[in-house]
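Work through the exercises below with the model open. Each task is followed by a stepwise solution.

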Amino acid sequence: MATPHTPESAAAWYANWPGTMNELKSLCPDVARGFGGLFGATMKDGALTALQKELIALGIGLATRCEPCILAHTQKCLKLGATAEQLQELAGVAVMMGGGPVYTYVPTLLAAIEANEVNEAPATA
């Protein structure tokens, strides 16, 4: 899929993602269970809140230029109460650390924010 630089393309990604993950779970159940367990244990509230952990994950997703990570963690951040302004500021920090290559992925973040505000996309797996 092309980089989702529009709210419509981000919304399409959100619509297709559950099916993609269900296929992964079917084809690689051990991998899916292992990652799911790690994710669940790591991302729950602890010394850091779940929102703080999601913000970190989003920053790493931007820094590594991982489109699915950007889209999934943007949605999770918003569902946990982050504001668009906080995510935009996070993008600035990621760009400061990663430079131009990260900058080119900020439109994906902005499209994800808008898609979630407009469409209230279902939660990702």
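A residue counts as buried when its relative accessible area is under 20%, as exposed when that area is over 50%, and as partly exposed in between. Keep these cut-offs at hand. The model is predicted.

**Exercise 1. Confidence**

Find the mean pLDDT of the chain, and the helices where confidence is lowest and highest.

Solution. 
- Step 1: Take the whole chain. The average pLDDT is 93. A score of at least 70 is reached by 91% of the residues.
- Step 2: Go to the helices. Confidence is lowest in α7, residues 106–119, with a mean of 92. Confidence is highest in α3, with 98.
- Step 3: Keep one caution. Where pLDDT is low, predicted coordinates should not be read in detail.

**Exercise 2. Overall fold**

How many helices and strands does the chain have, and how does its radius of gyration stand against the globule rule?

Solution. 
- Step 1: Count the elements. There are 7 helices and 0 strands. From the N terminus on, the order reads α-α-α-α-α-α-α.
- Step 2: Compare the radius of gyration with the rule. The chain has 14 Å, close to the 14 Å that the globule rule gives for 125 residues, so the chain is as compact as a globular protein of that length.
- Step 3: The C-alpha trace spans about 35 × 35 × 25 Å along its principal axes.
- Step 4: Of the 125 residues, 36% count as buried.

**Exercise 3. Cysteines**

Solution. 
- Step 1: Search the whole structure. The search finds 1 disulfide.
- Step 2: Identify the partners. Cys66 is joined to Cys69, S to S 2.3 Å. This lies inside the 2.5 Å cut-off for a disulfide.
- Step 3: Read the geometry. The angle about the S-S bond is 65°, and the link of Cys66 and Cys69 is right-handed.
- Step 4: Check Cys28. Cys28 is in no disulfide. Its nearest cysteine sulfur belongs to Cys66, 17 Å away.
- Step 5: Check Cys77. Its closest cysteine sulfur is in Cys69, at 12 Å, which is too far for a bond.
- Step 6: Cys77 has a relative accessible area of 0%, so Cys77 is buried. Cys69 is partly exposed because its relative accessibility is 26%. Cys28, at 32%, is partly exposed.

**Exercise 4. Sequence and space**

How far apart are Glu8 and Leu87 in sequence and in space?

Solution. 
- Step 1: Use the numbering. Glu8 and Leu87 are 79 residues apart in sequence.
- Step 2: Glu8 and Leu87 are 19 Å apart in space, C-alpha to C-alpha.
- Step 3: Characterise Glu8. Helix α1, residues 7–27, holds Glu8. Its relative accessibility is 58%, so Glu8 counts as exposed.

Notes:
Residues are numbered from 1 along each chain as its sequence is written. This is a predicted model: local features need pLDDT of at least 70, side-chain atom pairs count only at pLDDT 80 or more; totals for chains, interfaces and linings use all residues. Side-chain values use heavy atoms; hydrogens and water are left out. pLDDT is the predictor's confidence in each residue, from 0 to 100. Helices (H or I, at least four residues) and strands (E, at least two) are DSSP runs, numbered from the N terminus. Buried means under 20% relative accessible area, exposed over 50%, partly exposed in between (1.4 Å probe, protein chains only). The radius of gyration is taken over C-alpha atoms; the globule rule is 2.2 Å times the number of residues to the power 0.38.
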